[in-house]
Amino acid sequence: MASASAAAASDEPPRKRARSAGAEDRLSELPDCLLHDILALVGSRQAVRTSVLSRRWRGLWRSAPRVDIDQREFRRACGGEEGEPVVDCDGFEDFADGILSPTLLGGTGTRPLDAFRLHLLYEGRFITFGRWARRALTRRPASVDIHVEYGGTVDWPPALTLGDGAGTGRLKRLHLFGVHLGFISGDGGRLGELLPVLEDLRMESCTFGHEPSSPTTTIAIPTLRSLALAVVPRRTARPYALTVASPRVASLRLFLPFSRTRAAAVRVAPAEEGEALASLVTASITVLETDQELNRRMNKHKLDFLASTRNMLDRFPNVRNLDLSGFPTIALLDKASQEFPTLPSLTTLLLSECDVGANCYVLKSVLRNAPNLEHLRLHRCKFLGTPKRKRGNSRSKGKSSSTCLDSLSSKCKSLQSVEIKFRPIDNVRHHDLVGLLKEMLGETKRQHCKKSISEGTVTILIPIT
């Protein structure tokens, strides 16, 4: 009988079977804190739509601790021949105005936001987002992420200001993409007041300006622990500089374009203030020359920029992981001593598309000045091979070179591996480079190389004992 009734029940429609079993809406019985976590996963537009599920869900989105507004959700199919979706800008603006309305949110006395995220598109009509950012800040968010996506180059992206800082007292994480940093200018003293507890600052594809009377733009936030900058200065004929003066930064990532006319000399806080970035553990710095191939001659503007980049490395005394990309020799070696900076704590170094100099002079300087280096990675680097020696001086030069290499080998006792990556189109004489590295490391540290090829990239790994 039991099996028969079970079989009969299985033949009933799902809705009738649920009613007959007395099924309950257990999801709605969860506490508000868990339901808010669920709403945070689906975005604000879908969160508002949950109001139709039941009376329990009606208006629950109003008290959600996360506001996530994404204009990409407002794409709709186009009836044209191409069939490409278009953005319903009017519908999006109405939605954003509504969800950030102080009346709907219950005023400024409601629960502070854990996070505010805004993703905008530029497709023929640019939407001003200042009012939405200001309304979100009245909820005192702990995290803000604003991403403005547009095609092509925009010299004047929308500006973001923080007002008087009334809503930034809880802000610990600020990620920005594609906006003008209207709150960064001058000596940076007010920046610490606007963002008193900020720990994570990321600004990518952003522009910044400087006061005409002050050619230096300073980022000075005492509580900052992680800083990522990929900024583009506004066009100007005046020289200017970007200074980082946040002593507690442990992670630093910089993307710095430069040309014959536009570049920001980057500096760590003035030398008289001591080791400004003594807490730095991980750093990644990319320099990119934006001039055309026929216009890549050096001028004073470029030389000053590259020299400032090299001087910045001197201010990383305790860095352990360092990634450098696009560096010519002038940005790796000090002008006077022709040496790589002394970094006693450095354990991992990546040089990507860097110029390691004639006869790998830069690498020799690295091994001399980074005694605890464990892993060295060379990705698509440029180098000039060992020059041919004249017969008459081969003996004396060979003895001097051997003495130098023996001394170098004794200083890189911690080195565990060297990785070389290149592509055949790079025209790199990798056999010369591998041979030179083996000679530099000495007989007692050699092992057979491991070679592999993946997606057109050749990898040579030299394990060291």
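Guide: A residue is called buried when its relative accessible area is under 20%, exposed when that area is over 50%, and partly exposed in between. The model before us is predicted, and the part to examine is strand 21, which covers residues 417–422. Five of the six residues of this strand fall on the buried side of that cut-off, so strand 21 is largely enclosed by the rest of the structure.

Let us next consider the partners of this strand. Strand 21 pairs with strand 19, residues 375–379, in the parallel sense, and five bridges connect the two. Within this pairing, Leu-378 has Ile-420 of strand 21 as its bridge partner. Strand 21 is also joined to strand 23, which spans residues 457–463. Here the two strands run antiparallel, with six bridges between them. In this second pairing, Glu-419 stands opposite Leu-461 of strand 23. In general, the side chains of a regular strand alternate between the two faces of the sheet.

Strand 19 leads us onward through a charged residue. Asp-323 and Arg-377 form a salt bridge, in which the closest N and O atoms are 3.9 Å apart. Asp-323 belongs to strand 16 (residues 321–325) and Arg-377 to strand 19, so this pair ties together parts that lie 54 residues apart in sequence. Asp-323 has a relative accessibility of 26% and therefore counts as partly exposed. Arg-377 is likewise partly exposed, because its relative accessible area is 27%.

Salt bridges with shared partners join Arg-66, Asp-68, Asp-70, Arg-72 and Arg-117 into one network. Within it, Arg-72 is bridged to Asp-70, and their closest N and O atoms are 2.7 Å apart. Arg-72 is partly exposed at 34% relative accessible area, whereas Asp-70 is buried at 9%. A further salt bridge links Arg-131 with Glu-93, the closest N and O atoms being 3.1 Å apart. This pair connects distant parts of the chain, since Arg-131 is in helix 7 (residues 130–137) and Glu-93 is in helix 5 (residues 89–99), 38 residues apart. With a relative accessible area of 25%, Arg-131 is partly exposed, while Glu-93, at 16%, is buried. The count of salt bridges comes to 15.

Thr-309 is located in helix 9, residues 300–313. Its relative accessibility is 0%, and Thr-309 therefore counts as buried. Apart from neighbours within four places in sequence, Thr-309 is in contact with Val-287 and Phe-327. Thr-161, by contrast, counts as partly exposed because its relative accessibility is 47%. Thr-161 is found in the loop between strand 6 (159–160) and strand 7 (173–177). The C-alpha atoms of Thr-161 and Leu-181 are 7.2 Å apart in space, although 20 residues separate the two in sequence.

Finally, the chain as a whole gives these details their setting. Its secondary structure comprises 13 helices and 23 strands. Of its 465 residues, 42% are buried. Among contacts with a separation of 6 or more, 77% are between residues 24 or more positions apart. The accessible surface is about 24,600 Å², and carbon and sulfur atoms account for 51% of that area.

Terms used. Residues are numbered from 1 along each chain as its sequence is written. This is a predicted model: local features need pLDDT of at least 70, side-chain atom pairs count only at pLDDT 80 or more; totals for chains, interfaces and linings use all residues. Side-chain values use heavy atoms; hydrogens and water are left out. Helices (H or I, at least four residues) and strands (E, at least two) are DSSP runs, numbered from the N terminus. Buried means under 20% relative accessible area, exposed over 50%, partly exposed in between (1.4 Å probe, protein chains only). Contact means heavy atoms within 4.5 Å. Accessible areas come from the Shrake-Rupley method with a 1.4 Å probe; for residues, only the protein chains shown count as cover. Two strands pair if DSSP finds at least two bridges between them. A salt bridge is a side-chain nitrogen of Lys or Arg within 4 Å of a carboxyl oxygen of Asp or Glu.
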